[in-house]
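Take a look at the model below.

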Amino acid sequence: MSLWNNYGMNRRHFMQHMATAAATVPAMNFLSHLQANADVVKSKQKACILMWMGGGPPTIDIWDLKPGSKNGGEFKPIDTAAPGVQISEHMPETAKMFGDLSLVRSMSTREADHGRGRYYMQTSYVPNPTVVHPTFGSVVSYELGKNRKALEIPAFVSVDGGAGQAGFLGMTHAPFVVDNTGRIRNAPTEEGKARLGARLTMLDEIESGFIKSGRGELPKAHQDVYLNAKNLMTSRQMAAFDVAKADAGLGLEAESQVTKDAYGTNGFGQGLLMARRLVQVGVPFVEVNMGGWDLHAGVFDTLKNQRLPQLDKGISAITADLKQRGMLENTVLVWMGEFGRTPRINQDVGRDHWAASWSVMMGGGGLKNGQAVGATDKDGVQIADGSKAYLPGDIWATVAMAMGIPVSTVHTSKRGRPMKLANGGTPIQELIG
Amino acid sequence: MQSGRSFFRLFGSLGLVLTLAGFDSHLSADEAQKSEEATVAAAGAEVPLGEFIDQQIRQGWQDNEIEASASASDEEWVRRIYLDLLGRIPTMEEARKFLADESPRKRSVLTEELLEHEDYVRNFTTVWSNNCIGRGAPQRVSRTGMEKFFREAFARNRPWNEIVVDIVTASGHYEENGAVNYTLAQLQNADEGVQLTAMTARLFLGLQVQCTQCHNHPFNKWQQDQFWEYNSFFRQVGKIDHRKLDPNTGRMVDDYSEVVWQEFSGPVYYEKRSGVMQVAYPRFQGLEVDPGVGVDRRVEFGKLITQPVDGAPAQIAQAMVNRTWSHFFGYGFTRPVDDMGPHNPASHPDLLERLSREFVAANYDVKELVRWIVSSEAYGLTSQYNDKNKIDDPGAGEVPLFSHMYLKSMQAEQMYDSLIVASNAHKSGRGGWGAQEEQRRRWMQQFVVAFENDENDESTTFNGTIPQALMMMNSELMDKACSVERGSFLFESMSSPGNEAQKIQELYLAALSRNPTKTEIGKVQKMLKNYGNQRLMGYQDLFWALLNSNEFVFIH
């Protein structure tokens, strides 16, 4: 058990720890003077932040480099805080955080089409025309959302996303999609708010007839979604979406320019900063999207000059920030896209879709971090001999375990079919220790 | 034998006469004509199509031991047909007129009227423009051009095969020949026409081949070489993005884009998973096209896709029938509608075959296809379940049996247009087609999520979740709908004669296309009392509640 499990940490503890952690967290300090002085008391509520890399990231250039191979590409590996684990030279800040991060380098997931790959990675199931499986954020919303009585905003928030579906778990567990500015479109005016009560009373009365008219579940689901929307609109927890807002009671402060800069003043960085605030107010699952990974051409220039600097800032900042706030132990980080990219470099200096052998990053969440699980062969084209291949269900089963959701959970599809959590995946032994 | 089959397929579109003449030179044109008549007579011996549709659907009920729900009431049906055909709810006057009509034939009369309505053209233009170029704004694509193409096509009820051939063979300026926008939208990446290949198969042929780009299809007969054979038809597609000088800034800015023919002959090359390079020549469903110089491969492709396949109706007919059925019922004969083939058997194969065959025989008449579908027994049923058809629930994953109407969620465009109609905004002059479309398009963008990948995926947050609820509750559009300013629906209603019960009735008719029940009137009157002398505010809240209700949001 690390000291970071101690949420009743006082300032002296904190400062002592800062001293020992100085080697790994040198430049970033996310706690205001005010907070550093206060006793940091955090709830032990579990959360997951999914960093979704839409388009399929070239993990061979980020997490699992192949120096010396014809597939190796232009980047060099560097050491990380985790002994023996090397990552790309363009991820230097993240490398320092690897005491709290891990890699799963032997993903083998067979779906190499964007739509199918996204569905498979997010639900653990391959697409099937007769059932819509819930994306894992919806599973978390369903399992943990109901027990968070104080949570008034949706239990599954997606920043810049939009593809995830709640499927048979019902519309109320669908992701609430916001953009990275945190501006909620069509939020009510003060006049609108004042009239809302009377209007909703009337609405309830009017639509009850249609609910009872024998037209299935949808009319009732409509009412449930309205209830969620109303709770959201009238909640002070809305402040979590707006990084400029402070609410001492919720433990939120207006984020300083220094903090914003540390996360990176791009959509991904600001989305992660918002994610941290959402986790602070009790949201159990936040997805933050970063697109632009479909690098069929010019992969190295784009990575070096655009994607990786943003990625490096974002990951290192969220990890350090959560850690300093004592939230990392309860917040599991997952980084993935719909697949990896071909080890072979194509004629346009790009890499194409590749699902056979690639990496996912995880971290925090009380996992046994600081390691790379599994391996690919010397050219990155297949899982190395003797290495276990992992499926998305194994990643999500690991997350479920970290979040206290029983891995044996079985849901029921609308047709009455039993659906195992994470498609019956097994938590990754090395990570749960 | 093989060459004979190919010959038949290749020239089938030129008519039976030429084909037969080509095969059997001793057969005179007259005899060929007789033979054709005999075929028609044989077809005439079949059960009439309308009856056949109902028989086939009923067979499904019988086989699954369920009973169909009752017919839809006029109120339920009129709202449904307006939304499905015109993409909007009926106005209060339109609903009233239909409900008051006592003619037993009034449903078919209204169907004919709506098929001639300008909003029919607008609705199907929207649906097909979205199918072809998406709702977002792909680079260098003219939505105006695409819509213009479909508007003309649906207004003149052009045969579907001609429309499709125009689209897949189009060249030219993106506003002068709007059909090119389909191709431009699939050329977002320099991907050797891969996306264009996959999308053309999916949208117009109902075939999913995208995964065969890299490997043989896991469940159907599509092989990797077929993908590339098929792709080779699109290799002569070139695109020019024109630029022009902006005289105000002195800078070059985007001008129009166009699709042009570019020289390409011979095979395409692709890589097997093993890394071995392969070649593929233009070939579609076993029919080869001259790979030589000077052959316009897309023109050849346009000829091939209208051919029957192994005796079955042309795949473009089957795909259109499946999609159109799904437009009206929420579910087609396969799931998804664009993944047809032996690996995914149709729920009503004989019905799909017959409808497709008749669609071809009717010269791909889209309005005729629509008529067949909406005049079927199944389309006229209520959306309420009964005790004997609870299992007919495709939302839960069951095979649709069409024993009651399924609820459909309004699309964002339908919602926008319906709110405009309900609030009378359409009367206060919305400007011309272009201005209306532009307003709606801007409004739509808030719900579009693009995924930035080589499949041009997009998604919508207008999907029954919180962002949609917030729009319905708080948006400017809803504020306008509930406005009491001069010219608005509420203003007109409130300033015309009538007692409280009559006003309530009008609000129900305008929003839900039905009269309220006595109980409902009583409940509303009770609630309105709470507003004291602020009665107008009460009516506003009532109208807000009606427009926010589940009954408004769903097509039922």
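**A helix pair and its setting**

Helix 9 of chain A and helix 10 of chain A cross with right-handed geometry. This is a predicted model.

Two packed helices are described by the angle between their axes and the distance between the axes. Here, helix 9 spans residues 267-280 of chain A, and helix 10 spans residues 299-324 of chain A. Their axes come within 9 Å and cross at roughly 15°. Angles under 35 degrees count as roughly parallel, so helix 9 of chain A is roughly parallel to helix 10 of chain A.

Which residues meet between these helices? Helix 9 of chain A brings Phe268(A), Leu272(A) and Arg276(A). Facing them in helix 10 of chain A are Gln310(A), Leu311(A), Gly314(A), Ile315(A), Ile318(A), Asp321(A) and Leu322(A).

Now step back to the chain. Chain A has twelve helices and 14 strands. Of its 433 residues, 60% are buried. Chain A exposes about 16300 Å². Carbon and sulfur atoms supply 52% of that area. Among contacts in chain A with a separation of 6 or more, 73% join residues 24 or more positions apart.

How far can the model be trusted? Chain A has a mean pLDDT of 90. A pLDDT of 70 or more is reached by 91% of its residues. Residues 1-26 of chain A stay under 50, and the model gives them 35 contacts beyond four places in sequence. Residues 37-42 of chain A also have pLDDT below 50. That stretch has 13 contacts in the model beyond near neighbours in sequence.

Notes
Residues numbered from 1 in each chain as written. Chains lettered and ligands numbered in written order. Predicted model: local features only at pLDDT ≥ 70, side-chain atom pairs only at ≥ 80, totals over all residues. Heavy atoms only, no water. pLDDT = per-residue confidence, 0-100. Contact = heavy atoms within 4.5 Å. Helix = DSSP H or I, 4+ residues; strand = E, 2+ residues; numbered from the N terminus. Buried < 20%, exposed > 50% of the residue type's maximum accessible area, 1.4 Å probe, protein only. Areas by Shrake-Rupley, 256 points an atom, 1.4 Å probe, with all protein chains shown as cover. Axes fitted to C-alpha atoms, helices over the stretch in contact; angles between N-to-C directions. Parallel < 35°, antiparallel > 145°, perpendicular 65-115°, else oblique. Left-handed = near helix turned anticlockwise from the far one by under 90°.
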